[in-house]
Amino acid sequence: MPKISIIIPCYNVAPYIDRCMTSIVAQTIGMESLEIICIDDASTDDTWAHLQRWEKLLPDQILLIQQEVNRRQGTARNIGLQYASAEWIAFVDGDDWLEPDYFELLYGPVQKYSCDVVCCDAERDFSDGLVYFDEKERENGEDLYIVADTEETKKQLISMSAVGEAAWGKIIRKGLLTDFQIYFPEDLTYEDHYWVPMLHAYTTEVYIIQKKLYHYFVNYHSTILVKNADYHMDWVTVWLIKWAEYKRRGLLREYREELEYDCFQDAVGLMKVIILRYEEPSFSFFQLVREMIREQVPDYRENRYAKNLTGIYGVFLEALYAPADRAEFLRVVEQAKQYWQNQ
């Protein structure tokens with residue numbers, strides 16, 4: 001039995017998937033410990049041909065699934081989870097890659113501690129080829145073992161997003177995902193914005209490796225960077241689904257302030273999308289976000305975590321609660337653009 005099932009959603013990643021797969025096959029933990037499940041989400045390039053070549057090389061370790069219709073990363077990851085046979089799950093994006101000892105280091109703590117999640121640091125990488133960090137680049141401090149066994153420590157774990165803000169960069173105990181039905185929204189982009197808070201809500205024991213082990217490729221053709229795409233509105237849908245699920249699961253009774261803070265981050269994140277992903281920032285889109293956050297959290301000043309949003313994100317939060325008109329919105333847009341230009 002493999003120790004870790006690696007789930008890779010693949011959509012038009014033909015220029016990158018060989019790099020990703022090479023970094024996995026080279027893992028020091030050994031291929032006998034790994035199972036690779038690749039879901040081709042109806043790619044229109046030759047991603048499938050690349051995957052088939054890898055399957056021929058490692059037919060016992062690689063499972064390929066081909067979707068006839070593109071249904072986004074969330075659906076692909078959910079499908080992969082259905083086929084996973086290992087106790088531990090890893091999500092890797094097809095244009096990213098891993099340090100050679102990624103899985104060896106991530107799996108190490110589960111043999112010593114009762115972990116739900118083991119995660120590591122990542123680095124945004126613009127490299128064209130398969131490059132690795134030197135040891136000094138990787139180091140980022142002392143490892144942490146967090147046991148959220150009291151109400152206050154659990155609230156801290158949720159509010160600090162202790163296990164990260166994406167599906168990748170970690171291994172997760174499969175039983176945690178299946179027992180608590182922590183799945184991704186399907187047919188939508190921005191699916192991580194639902195899945196990550198749910199993971200935090202049910203995770204109790206976390207081991208954090210303070211090393212940069214995951215290379216997050218900055219792909220200017222990726223879904224979230226495309227300009228003027230209708231699917232950026234999916235974030236609103238994901239947010240609404242998530243808030244309804246918080247209510248259904250009774251999570252707001254236990255962690256209201258922490259989950260309100262998560263909604264603040266959705267709201268200011270959407271402000272960034274409105275400004276950066278549209279050539280003409282939409283005042284109507286802004287008004288929608290404003291109405292949503294004010295309905296869920298009538299007064300942000302009553303939330304103890306709101307002060308954590310500083311700089312331009314603090315400006316966004318204040319704007320969402322201020323009397324709104326188009327002129328004020330455009331002033332905030334201009335302020336944000338100048339802020340990012342100076343970064």
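**Entry 1**

I began with Gln 181, which counts as partly exposed because its relative accessibility is 47%. I kept in mind that this is a predicted model. Gln 181 sits in the loop between helix H7 (174-179) and H8. I looked up its phi and found a positive value of about 50 degrees, although Gln 181 is not a glycine.

Next I turned to Arg 72, another residue other than glycine with a positive phi, here near 80 degrees. Arg 72 belongs to helix H3 (residues 72-83). With a relative accessibility of 25%, Arg 72 counts as partly exposed.

**Entry 1: helix H8**

**Entry 2: helix H11**

I checked the length of helix H11 (residues 283-296) next. At the start of H11, I found a side-chain oxygen of Ser 282 within 3.3 Å of the backbone nitrogen of Ser 284.

Which residues of H11 are buried? My list reads Phe 283, Phe 285, Phe 286, Val 289, Arg 290, Met 292, Ile 293 and Gln 296. These buried residues pack against helix H9 (234-248), helix H10 (251-276), helix H12 (311-321) and helix H13 (326-341).

**Entry 3: two helix pairs**

I stayed with H11 and looked at how it meets H12. The angle between H11 and H12 is about 85 degrees, and their axes are 9 Å apart. The two helices are therefore roughly perpendicular to each other. On the H11 side, I saw Phe 286, Val 289, Arg 290, Ile 293 and Arg 294 meeting Ala 319, Leu 320 and Tyr 321 of H12.

Then I took up helix H6 (residues 151-159) and H10, which pack at an angle of about 15 degrees with their axes 9 Å apart. That angle makes H6 roughly parallel to H10. The crossing of H6 past H10 is right-handed. H6 contributes Lys 154, Lys 155, Ile 158 and Ser 159 to the contact, while H10 brings Glu 254, Tyr 255, Glu 258, Leu 259 and Tyr 261.

Is Arg 138 buried or exposed? I found it buried, since its relative accessibility is 5%, and the cut-off for buried is under 20%. Arg 138 lies in helix H5 (residues 135-138). Leaving out residues up to four places away in sequence, Arg 138 touches Glu 99, Asp 101, Leu 105, Phe 133, Gln 210, Lys 211, Lys 212 and Leu 213. I also looked up Tyr 214, which is 76 residues from Arg 138 along the chain, and the C-alpha atoms of the two are separated by 9.8 Å.

My last stop was Gln 27, in the loop between helix H1 (17-25) and strand E2 (34-41). Gln 27 counts as buried because its relative accessible area is 5%. With residues up to four places away in sequence again left out, I listed what Gln 27 touches: Leu 34, Leu 98, Glu 99, Pro 100, Asp 101, Tyr 102 and Phe 103. I marked Glu 99 and Asp 101 in my notes, as they touch both Gln 27 and Arg 138.

Key
Residues numbered from 1 in each chain as written. Predicted model: local features only at pLDDT ≥ 70, side-chain atom pairs only at ≥ 80, totals over all residues. Heavy atoms only, no water. Buried < 20%, exposed > 50% of the residue type's maximum accessible area, 1.4 Å probe, protein only. Helix = DSSP H or I, 4+ residues; strand = E, 2+ residues; numbered from the N terminus. Contact = heavy atoms within 4.5 Å. Polar contact = N/O pair within 3.5 Å; in protein donor to acceptor, adjacent residues only side chain to side chain. Axes fitted to C-alpha atoms, helices over the stretch in contact; angles between N-to-C directions. Parallel < 35°, antiparallel > 145°, perpendicular 65-115°, else oblique. Left-handed = near helix turned anticlockwise from the far one by under 90°.
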